[in-house]
Amino acid sequence: MTRSKLQLLLWTSGPSGLKDSKMSEHAKMMPRSPGGPSPSPRKPVDTACCGASFLAEFFHMFNLVFLLGGLAVLGVGVWTISDHLAYAPLLSTVTYAECAWVLALAGVLVVVTAVLGCVGVWRRNRCLLLGYTFLLLLIFLLEAMVGVLAYVYKENVETELAVNLNRTFMDFYSVDAAKTEAIDRMQREYKCCGAQTYEEWRLSAWMKSSARDKRSKVPNSCCKTETSSSGAPCGASDHPSNIPHTGCFHRLLEELRRQLEVLGAVGLGLSVIQVFGMLLSCALYIKLRGLVGGAGD
């Protein structure tokens, strides 16, 4: 093509011709698929380290640990209620019993919450995740409350027993059925007699009771062996060979302190798990909200 013809062609095509020619050259440079036009660009798959899929898998692992911790909390609560609340009627406050019952309640809530969380993640339901988070907060508050109360009461239980235990023995044995049963069980189990010493029974309301066998000097639950071959009640003799001369105060104090320490450690220790759970559920809730919002766009 001569130079004059090329100038004529550029003059007739004008700026649009130049633009079209550049676009055609650019199109030639772009790769094409062998079967037709190139597909439209796809949205990136959510596989990042903080993506919803990763958080969901991590959530299931956490939920398993959370469930096992809840079963441990429930077990400690039930164990305390069944084996260590027999002497609760001898205490002047209900703090010890409340700690055990609240811990057992927290354990039950953990099981319910773990199931709710699994369903919420499986169905990608943000409302269930939100409920899961609030239940975690409630469980955290319950366990932390038990932990704090247990450790505070542990420091004060000695003063409470020193003030009230002797009065309970003296005034309520054979008068209050629950306290009488608790005292008898404690004297048999701990091998003790009286609050501080066996001699306290001489001034007790039980000693003045008409229902008492007049030959008895101490309740039969004080005896090392409650059977007697002579026909007289075993409590008729207060000799060291027949009854222990040590009181129950120190043994009961030791038992209460040890159990309160267990309740406090379990309550405060496992409440930390709920903090991580709340952070994880909030992150997953935000991620799912972003995905749903992006899909709506």
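**View 1. Surroundings of Trp206.** Trp206 is buried, its relative accessible area being 8%, where buried means under 20% relative accessible area with a 1.4 Å probe and protein chains only. The charged end of Arg212 sits over the ring of Trp206, 5.5 Å from the ring centre; this term requires CZ of Arg or NZ of Lys within 6 Å of the ring centre and within 35 degrees of the ring normal. The model is predicted, so local features need pLDDT of at least 70 and side-chain atom pairs 80 or more, whereas totals for chains, interfaces and linings use all residues. Residues are numbered from 1 along each chain as its sequence is written, and side-chain values use heavy atoms, leaving out hydrogens and water.

**View 2. The aromatic pair of Tyr173 and Trp201.** Tyr173 and Trp201 form an edge-to-face pair, 4.9 Å centre to centre with 65 degrees between the planes; rings of Phe, Tyr and Trp (its six-membered ring) pair if their centres lie within 6.5 Å, and planes under 30 degrees apart count as stacked, over 60 as edge-to-face and the rest as tilted. Tyr173 counts as buried at 7% relative accessibility, and Trp201 counts as buried at 0%. Phe169, Tyr173, Trp201 and Trp206 form one aromatic cluster.

**View 3. The charge over Phe172.** The ring of Phe172 has the charged end of Lys179 sitting over it, 5.2 Å from the ring centre.

Note on methods:
Buried means under 20% relative accessible area, exposed over 50%, partly exposed in between (1.4 Å probe, protein chains only).
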